[in-house]
Number of protein chains: 2
Amino acid sequence: MGFTKKHIFNTQQNQIANFTKMIGHPARVSIIQHISLNKNCNCNALVEAIGLAQPTISQHLSEIKKTGLLKQTVKGKNLFYSINQNKLNECRRLINDFFVKTQVNCCK
Amino acid sequence: MGFTKKHIFNTQQNQIANFTKMIGHPARVSIIQHISLNKNCNCNALVEAIGLAQPTISQHLSEIKKTGLLKQTVKGKNLFYSINQNKLNECRRLINDFFVKTQVNCCK
DNA sequence: AATATTAATCGTAATATTGCAATATCACTT
DNA sequence: AAGTGATATTGCAATATTACGATTAATATT
């Protein structure tokens, strides 16, 4: 097969999986870290910092964008990325909630 | 290609990616939730509760086990799974730290 | 207008993941 | 020893992911 049977899981389970899957590649971890550390971070800056080809970085960026975690600002010919803090908080809360519930349930 | 160039990333980035990738499938989210909620949860119980075939559940279990998140107890012919709390805490701290740093950095 | 810069998209190859049927293994029961 | 139950492994098909060269599109610069 190769596809995921998403329909047999509930919305929350799929959301948790979507967010963690998005983070689940070291290039995307690195991209998120770089963007949060550097204002005015564009695609080229990430290509140089990380060492993957430009199309590869662009592809990873679009995976992250699909979840809504990134904002874009055009300045001249540059496209600067920044973190969408609302989405970051949503993502963080969802995942943290998963950990808290797992921990509380498993030790009672 | 298809493979990940792990060597160009640091240990922490790979660790974060490994843990989040392990959680990044709704079946594995569901498996972890079930195990934490039910003491004496074995493979068959998961198969019935989730609705995927036994080999599929077994495969997802082994993905989770690879990260050390599960403990096993043999009782008769049953193999009961439970959450390794130390590993859960390690995983939670690592991911939370990633979120905290991202948040602190991006809004200063 | 021609050129350079920036980033997305296309096309493709290699590899990984997801899912299941069939089978194997291993422990317990009879 | 044969049978049963529980789980792991094997083998395979379908799909997804990762990576990059080539190309495209869009904007800036000269």
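N10(B) has a relative accessibility of 39%, so this residue counts as partly exposed; the class lies between buried, under 20%, and exposed, over 50%. The model in which this value was computed is a predicted one. A polar atom of its side chain lies 2.8 Å from the backbone nitrogen of Q13(B). With Q59(B) the picture is another one: 49 residues separate N10(B) from Q59(B) in sequence, and their C-alpha atoms are 28 Å apart in space.

N40(A) belongs to the loop between α2 (26-37) and α3 (43-50) of chain A, and N40(B) is found in the loop between α2 (26-37) and α3 (43-50) of chain B. The phi angle of N40(A) is near 60°, a positive value in a residue other than glycine. For N40(B), phi is likewise near 60°, again positive in a residue that is not glycine. N40(A) has a relative accessible area of 48% and is therefore partly exposed. N40(B), at 46% relative accessibility, also counts as partly exposed.

The next topic is the space inside the protein. Rolling a probe the size of a water molecule over the atoms shows where empty space is left. Here the count comes to 1 cavity of 30 Å³ or more. The volume of the largest cavity is about 40 Å³. Its lining consists of R92, I95, N96 and F99 of chain A, together with R92, I95, N96 and F99 of chain B. The elements that give two or more residues to this lining are α5 (85-106) of chain A and α5 (85-106) of chain B. By class, the lining residues are 4 nonpolar, 2 polar and 2 charged.

The last topic is the DNA. Around DNA strand D there are 30 residues, and the closest are M1(A), K21(A), G2(B), K5(B) and Y81(B). In chain A, a backbone N or O atom of G76(A) lies 3.1 Å from one. In chain B, polar side-chain atoms are involved: that of S58(B) lies 2.9 Å from a phosphate oxygen, and that of K65(B) lies 3.0 Å from a phosphate oxygen. The elements giving two or more residues to the surface near strand D are α4 (54-66) of chain A, along with α3, α4 (54-66) and β2 (78-83) of chain B. This surface has 11 nonpolar, 13 polar and 6 charged residues.

Methods: Residues are numbered from 1 along each chain as its sequence is written. Chains are lettered from A and ligands numbered from 1 in the order in which they are written. This is a predicted model: local features need pLDDT of at least 70, side-chain atom pairs count only at pLDDT 80 or more; totals for chains, interfaces and linings use all residues. Side-chain values use heavy atoms; hydrogens and water are left out. On a 1 Å grid over the protein atoms alone, a cavity is a set of points where a 1.4 Å probe fits but cannot get out, and a pocket is an open set with protein on both sides within 12 Å along at least five of seven lines; lining residues have an atom within 4 Å of a point. Grid points are joined across faces, edges and corners, and a volume is the space filled by probe spheres set on the points. Helices (H or I, at least four residues) and strands (E, at least two) are DSSP runs, numbered from the N terminus. Ala, Val, Leu, Ile, Met, Phe, Trp, Tyr, Cys and Pro count as nonpolar, Asp, Glu, Lys and Arg as charged, and the others, Gly among them, as polar. Buried means under 20% relative accessible area, exposed over 50%, partly exposed in between (1.4 Å probe, protein chains only). A polar contact is a pair of N or O atoms within 3.5 Å; within protein, one must be able to donate a hydrogen and the other to accept it, and residues adjacent in sequence count only if both atoms are side-chain atoms. A residue is near a molecule or strand if one of its heavy atoms lies within 4 Å of it.
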